[in-house]
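Hello,

Here is the structure you asked to look at. Please open it first, then read the notes below.

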Amino acid sequence: MRHYRLEPKQYRAFLISLLPLAREIEKLNPSIEVHGPNTEYPWSNNEAILAPVDFAFPEITVRNGPKLLKLVRLLEFRFGFTH
């Protein structure tokens, strides 16, 4: 994996660009977002009971792929995560 050096302003802009996606991921936690889709428990949408396995989670899509990859790489670099 390549490492890039960013100036503080560039790094701040980079982090700010990832915040909306990070928030969408955080909202998947049932303790954060108690009404609506989450990755652990079924929920009701007033028409049916939905299960996580049957839901597409549109916020986390291929459209967000490049930003998701950047977020994963940032976490790997900052916290030593590996896959």
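Two axes count as roughly perpendicular when the angle between them is 65 to 115 degrees. Please keep in mind that this model is predicted.

The helices come first. Helix 1 (residues 8–26) packs against helix 2 at an angle of about 110°, and their axes are 10 Å apart. That angle falls in the range given above, so helix 1 and helix 2 are roughly perpendicular to each other. On the side of helix 1, the contact is made by Y11, F14, L15, S17, L18, L21, A22 and I25. Helix 2 contributes K67, L68, K70, L71, L74 and R78. Sorted by class, this contact has 10 nonpolar residues, one polar residue and three charged residues.

Next, the aromatic rings. How many aromatic pairs does the structure hold? There are four aromatic pairs. In one of them, W43 and F55 have ring centres 5.1 Å apart and ring planes at 85°, so this pair is edge-to-face. It joins distant parts of the chain, 12 residues apart: W43 is in strand 1 (residues 43–44), while F55 is in the loop between strand 2 (49–50) and helix 2 (65–79).

F55 also pairs with F57: the centres of their rings are 5.0 Å apart and the planes are at 85°, so this pair is edge-to-face too. Together, W43, F55 and F57 form one aromatic cluster.

Are these three residues buried or exposed? W43 is buried, with a relative accessible area of 7%. F57 is buried at 11%. F55 is partly exposed, with a relative accessible area of 25%.

Regards

Technical notes
Residues are numbered from 1 along each chain as its sequence is written. This is a predicted model: local features need pLDDT of at least 70, side-chain atom pairs count only at pLDDT 80 or more; totals for chains, interfaces and linings use all residues. Side-chain values use heavy atoms; hydrogens and water are left out. Rings of Phe, Tyr and Trp (its six-membered ring) pair if their centres lie within 6.5 Å; planes under 30 degrees apart count as stacked, over 60 as edge-to-face and the rest as tilted. Helices (H or I, at least four residues) and strands (E, at least two) are DSSP runs, numbered from the N terminus. Buried means under 20% relative accessible area, exposed over 50%, partly exposed in between (1.4 Å probe, protein chains only). Axes are lines fitted to C-alpha atoms, for helices over the stretch in contact, and angles run from 0 to 180 degrees between N-to-C directions. Angles under 35 degrees count as roughly parallel, over 145 as roughly antiparallel, 65 to 115 as roughly perpendicular and the rest as oblique. Contact means heavy atoms within 4.5 Å. Ala, Val, Leu, Ile, Met, Phe, Trp, Tyr, Cys and Pro count as nonpolar, Asp, Glu, Lys and Arg as charged, and the others, Gly among them, as polar.
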